[in-house]
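Please look through the sequence and the structure shown here before reading on. The briefing that follows starts with a question and then goes through the parts by topic.

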Amino acid sequence: MAEVIAQEKQGGKQKKKMIRVDMTPMVDLGFLLITFFMFTTNFTKPNVMDLGLPAKDPNPNPINTPVIRDQNQITFILGKDNRVFYHQSNQKDLNTGNLKETDFSGIKISKIIAEAYKKAPAPDIFTVIVKPTDDANYKNFVDMLDNLAISKKERYGVTDIKPWETKVYKELTQ
């Protein structure tokens, strides 16, 4: 606490009183408050997205693997500046006319997936393929995975963009 110490001056008539403040209780209170807030605060936990990847098959058999035709898949190409392109074409048929563009606003991508799924001849093997370019950002990839979760399609793949798709993509973006 505060102490008042009386001290006399040698040559004068006046007594000078010195005040000394003890800061120990204030420091104790500060540490108590810090401790209280540390124990009562909830620290944020990192958000983790579960990516369900299949286990590697120890005995791969390419004979039993079903071939996914153009109408049983839809391919999304993630580009720069939050641009998303999609198609249901093969290498011979893909051109700038059938590589369509959409965006992440609303549920457009989920609707596109649902429409492609309805038109698929074999819906049990319908697959969504996501191909991020080098210019795509991570946020768009996460948004794409969120749209896959919204559309409830568990059969999807993430792969590199093919050279023939890169050619058509660059024609549209330049």
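Which strands does helix α4 lie across? In this predicted model, helix α4, made up of residues 163-173, lies across β3, β4 and β6, and its direction makes an angle of about 130 degrees with that of β4.

**The sheet and the helices on it**

- Five strands form an open sheet with mixed pairing, and their order in the sheet is β5-β4-β3-β6-β7.
- The edges of this sheet are β5 (100-102) and β7 (156-158), each of which pairs on one side only, and the twist from one strand to the next averages 25 degrees.
- Strands β6 and β7 pair in the parallel sense over three bridges, and Val130 stands opposite Val158 in β7.
- Helix α3 lies across β3, β6 and β7, and runs at about 175 degrees to β6.

**The nonpolar cores**

- The largest nonpolar core has 18 residues, of which Ile74, Phe76, Ile113 and Met144 touch the most other members.
- At least two residues of this core come from each of β3 (73-78), β4 (84-87), α2 (108-119), β6 (127-132) and α3 (138-150).
- Apart from this core lies another one, of seven residues, including Phe85, Leu94, Leu99 and Ile161.
- In soluble globular proteins, nonpolar side chains tend to be buried together.

- Leaving aside neighbours within four places in sequence, Ile74 is in contact with Tyr86, His87, Gln88, Ile112, Ala116, Phe126, Thr127, Val128 and Ile129.
- Met144, which is found in helix α3, has a relative accessible area of 0% and therefore counts as buried, since the cut-off is under 20%.
- With neighbours within four places in sequence again left aside, Met144 is in contact with Phe76, Leu78, Phe104, Ile109, Ile113 and Val130.
- Although Met144 and Leu78 are 66 residues apart along the chain, their C-alpha atoms are separated by 8.7 Å.

**Helix α2 and its two sides**

- The twelve residues of α2 should span 16 Å at 1.5 Å a residue, and this agrees with the 17 Å between its end C-alpha atoms.
- The buried residues of α2 are Ile109, Ser110, Ile112, Ile113 and Ala116; seen down the axis of α2, its buried residues fall within an arc of 160 degrees, so they line one face of the helix.
- The elements that cover these buried residues of α2 include β3, β4, β5, β6 and α3, whereas the face turned away from the buried side carries the exposed residues Lys118 and Lys119.

Key
Residues numbered from 1 in each chain as written. Predicted model: local features only at pLDDT ≥ 70, side-chain atom pairs only at ≥ 80, totals over all residues. Heavy atoms only, no water. Core = buried A, V, L, I, M, F, W, Y, C linked by side-chain atoms within 4.5 Å. Buried < 20%, exposed > 50% of the residue type's maximum accessible area, 1.4 Å probe, protein only. Helix = DSSP H or I, 4+ residues; strand = E, 2+ residues; numbered from the N terminus. Contact = heavy atoms within 4.5 Å. Pairing = 2+ DSSP bridges. Axes fitted to C-alpha atoms, helices over the stretch in contact; angles between N-to-C directions. Expected span 1.5 Å × (residues − 1). Arc of directions from axis to C-beta.
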